[in-house]
Amino acid sequence: MKSLRYFFALLFSVCFTAYSFAQNTGIIRGTVRDKNTQEALVGAVVALEGTQIGASTDVDGNFKIENVTVGSYNVVATLVGYQSLTKFNINVTSGNDQIFTFELAEEANTLEEVKLTTDRERSAAVADIITPLSTQSLTTEEIRNNPGGNFDISKVVQALPGVGGSTGGGGFRNDIIIRGGAPNENVYYLDGIEIPVINHFSTQGSAGGPVGMLNVSFIEDVKLSTSAFDARYDNALASVLQFKQREGNPERFSGNFRLSGTEVSLTTEGKISPKTTFLASARRSYLQFLFRLIDLPIRPDYWDFQYKVSHKFNKKTTLTAIGIGAIDEFGFGVPRESTPENEYTLRSVPSIEQWNYTFGLGLKHLIENGYINIALSRNMFNNQLDRFEDKDIGNEAKRILRSRSQEIENKFRIDVNKFVNGWKFSFGAVAQYVKFENDIYNRIRKNPDVVFTYKGGIDFFRYGAFGQLSRAFFDNRLGISAGLRTDMNSFTTKGNNPLETLSPRLSLSYSLSEKWNVSASVGSYFKTPVYTILGYRDATGKLANKDARYTQSVHYVAGLEFLPKTSTRFTLEGFYKNYSRYPVSVRDGISLANQGGEFGSIGNEAVTTDGLGRAYGLEFYFQQKLTKNFYAVFSYTFVRSEFAGKDGKFVASAWDNRHLISGIFGYKFKRGWELGLKHRFAGGSPYTPFDLATSRANYLSLGTGFLDFSQLNSLRLGAFNQTDLRIDKKWNLKRFTFDFFIDIQNLLSFKNPSYPSYTFKRNEESTAFLSTDGQPLQQDGSNAIPLILDTPSGSAIPSLGFIIEF
């Protein structure tokens with residue numbers, strides 16, 4: 001202990017000495033481009049708001065502002081003939097350069113029009129007049145300092161309007177549920193490359209999981225569209241989430257090292273050659289050690305990796321290579337104390353081994369009045385699940401579940417984008433080769449035995465084409481955008497009919513004044529059934545779901561936007577989504593809209609695609625960007641989500657939370673201190689009670705209760721509440737920044753609900769099950785004492801950590 005005290009004393013002395021003689025300045029650098037053509041803009045002025053400090057862009061559109069005193073700034077880019085643009089809350093440190101890109105839109109033709117629209121477009125609004133509807137954005141600083149976010153983008157997004165999470169497990173999972181739609185209705189793009197998996201321990205066919213994979217240090221900004229999707233994006237029913245990565249440092253090697261209560265990570269960046277930069281990172285979890293320490297039986301363990309390499313051939317052509325991957329293991333250990341809760345977890349949750357990766361190449365080539373994007377990518381997801389009766393791992397006679405599956409996609413995308421005389425148009429195509437393999441043994445119930453087994457694979461092609469056209473009229477007051485898309489495949493019965501998925505969409509927006517905008521949109525969107533559905537084979541080995549059709553959702557949205565000043569934004573939107581062709585379980589007769597909240601996979605069964613659904617609601621959003629060291633966000637969403645199964649009766653879906661509230665408050669103090677506070681509220685999630693007789697007869701063999709689907713989602717959990725606190729303190733040294741942070745999730749220890757669990761009562765020592773007659777338990781549970789566990793989570797979870805930028 002004495003040596004440890006000496007070590008910390010020495011560390012403090014070194015840090016204090018370095019701090020005392022530090023040059024507390026940093027660097028802001030980046031590029032300014034034309035938003036519509038992607039051409040570099042020469043002579044643009046980039047300045048710190050409210051100061052005389054700034055720089056002009058060179059012949060390549062690059063700028064560099066040196067000797068900036070550390071702190072937070074709003075940075076403004078201006079150029080004659082273009083609308084000015086502000087980047088808010090740029091946190092300058094001495095450790096890492098702040099690197100980002102401005103994309104400026106052309107102004108109207110006359111000086112009067114320039115003045116009129118400049119004030120409007122410099123606001124906190126995240127979109128232009130063409131497509132302002134149902135769009136929100138986040139910067140890297142908003143993600144990094146989000147209270148309770150733990151640098152996890154998937155958690156941070158849940159603070160935006162219309163966005164909920166899976167609250168039935170105490171808020172543990174990262175399922176992104178948008179406007180009452182399923183987690184697998186969202187699509188994710190990283191620098192134009194689609195990434196199907198963004199969470200560790202992902203539920204196959206659903207995309208949710210408890211921990212996000214993306215490294216926030218790579219991210220420049222995040223754009224979320226919850227309707228009015230551009231026609232270039234396929235397979236989206238609920239949202240398109242675009243992650244834009246920044247460039248690596250073009251002058252020197254730098255990076256950051258992060259150590260927190262759950263993980264350790266290293267990010268590096270720099271230049272490989274005068275025209276080539278890189279970003280690379282690796283992260284390792286040590287949750288398994290933490291959970292062993294607090295005597296939880298689960299042992300989650302993961303790695304993830306990410307990289308980006310950019311090479312500029314010339315002023316017109318840039319090649320980018322990106323990659324992201326993860327290795328996940330979810331096992332079990334024997335707890336020191338066997339409780340009913342630990343016993344249930346050991347019996348009911350499968351062990352998981354997963355790995356996944358996505359890598360891609362993106363080529364951008366500038367042409368006259370526009371540019372061409374070409375992307376080639378490959379992604380693979382490997383999923384292994386095992387569960388055994390009575391925890392007898394490895395005993396095949398007691399196996400409940402064995403699942404081995406792989407999803408592989410090879411994709412080619414091309415799009416052409418032009419801007420001519422005020423008309424913006426794009427068109428393109430996508431082609432994919434898909435391979436899916438599945439090997440399943442699943443004992444559904446016992447007494448009588450119901451077992452599904454099948455092994456097989458499928459491979460097929462997917463292809464589609466799109467066109468998008470937009471234009472602003474009446475001095476940029478009226479914006480109109482229209483798109484058309486179709487998608488086909490070589491697998492399903494009607495997959496090659498382009499009319500099956502013909503999806504038109506139209507958006508309108510109008511500026512009532514400099515501060516008020518109204519918008520409306522209507523669009524039809526399609527999604528292919530998940531691969532677990534398409535690859536399912538019945539007992540005879542026949543593919544059971546070849547007649548499955550694309551799921552359809554038609555959106556109707558209208559909204560109002562108020563921009564009182566450049567840093568403040570209010571929005572109000574109403575939405576209605578009508579679903580058709582939704583998958584319905586043949587076995588249970590229920591919509592798959594009521595599955596997907598657990599680990600493992602969904603869709604491994606025969607389905608019909610004749611289900612219906614609807615989701616509708618209202619959203620209010622307030623955003624205050626950084627002003628006088630203060631920033632704030634507040635959102636309220638009322639949403640109803642209902643789906644019908646075989647009986648045609650609409651019932652509340654698994655995502656029908658009714659009310660979603662989120663608020664974030666942040667303040668930047670002097671001397672590197674920052675405080676963030678967040679609160680989330682969600683109405684109670686629906687759930688289905690247990691069939692008590694069937695559950696008793698099958699618990700010993702299945703390890704879980706059996707749901708009574710005749711009472712589907714007839715009950716509700718209590719409301720979810722969570723308050724999170726984050727405190728940061730930064731020390732800026734010469735070429736180094738040390739950031740110490742405290743992040744406390746559920747600060748007020750709210751007791752948040754979990755779905756009930758079915759088990760049998762155990763003796764006081766928790767070494768064996770009790771029985772009504774004092775005899776050993778019968779296999780059918782007839783002499784067992786059933787117990788429904790209702791175990792809300794209610795502990796504050798503190799996390800201490802630090803980040804060293806170098």
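**Note on a predicted chain**

1. In strand S19, Arg284 is the bridge partner of Val264. The strands concerned are S18 (residues 263-273) and S19 (residues 276-285), which run antiparallel and are joined by 10 bridges. Two residues lie between S18 and S19, and the pair forms a hairpin. The model described here is predicted.

2. Strand S17 (residues 254-259) is antiparallel to S18, with six bridges between them.

3. For the chain as a whole, the secondary structure amounts to eight helices and 43 strands. The chain has 806 residues, and 57% of them are buried. Of the contacts between residues at least 6 apart in sequence, 67% join residues at least 24 apart. The accessible surface is about 32900 Å², and carbon and sulfur atoms account for 60% of that area.

4. Arg179 sits in the loop between strand S10 (177-178) and strand S11 (186-190). Is Arg179 buried or exposed? Arg179 counts as buried because its relative accessibility is 1%, and the cut-off for buried is under 20%. The side chain of Arg179 has a polar contact of 2.7 Å with the side chain of Glu573 and another, of 3.5 Å, with the side chain of Ser134. Beyond its neighbours within four places in sequence, the residues in contact with Arg179 include Gly162, Thr226, Phe575, Lys577, Glu619 and Val639.

5. Asn89, in strand S6 (residues 85-92), has a phi near 55 degrees. Asn89 is buried, at 7% relative accessibility. Arg581, in strand S31 (residues 568-585), has a phi of about 60 degrees. Arg581 is buried too, with a relative accessible area of 13%.

6. Helix H8 covers residues 692-702, and its buried residues are Ser695, Ala697, Asn698, Tyr699, Leu700, Ser701 and Leu702. At the start of H8, a side-chain oxygen of Asp691 comes within 3.3 Å of the backbone nitrogen of Ala693. After H8 comes Gly703, with a positive phi near 80 degrees.

7. Which residues form the nonpolar patch on the surface with Leu618? They are Tyr510, Leu512, Trp516, Leu560 and Leu572, and together with Leu618 they have about 500 Å² of accessible area. Leu618 belongs to strand S32 (residues 607-627). Leu618 is partly exposed, at 41% relative accessible area, and so passes the patch cut-off of over 30%. In a regular strand, side chains alternate between the two faces of the sheet.

Note on methods
Residues are numbered from 1 along each chain as its sequence is written. This is a predicted model: local features need pLDDT of at least 70, side-chain atom pairs count only at pLDDT 80 or more; totals for chains, interfaces and linings use all residues. Side-chain values use heavy atoms; hydrogens and water are left out. Patches are made of residues with over 30% relative accessible area and no salt bridge: like charges are joined within 9 Å, nonpolar side chains (Val, Leu, Ile, Met, Phe, Trp, Tyr) within 5 Å. Accessible areas come from the Shrake-Rupley method with a 1.4 Å probe; for residues, only the protein chains shown count as cover. A salt bridge is a side-chain nitrogen of Lys or Arg within 4 Å of a carboxyl oxygen of Asp or Glu. Helices (H or I, at least four residues) and strands (E, at least two) are DSSP runs, numbered from the N terminus. Buried means under 20% relative accessible area, exposed over 50%, partly exposed in between (1.4 Å probe, protein chains only). Contact means heavy atoms within 4.5 Å. A polar contact is a pair of N or O atoms within 3.5 Å; within protein, one must be able to donate a hydrogen and the other to accept it, and residues adjacent in sequence count only if both atoms are side-chain atoms. Two strands pair if DSSP finds at least two bridges between them.
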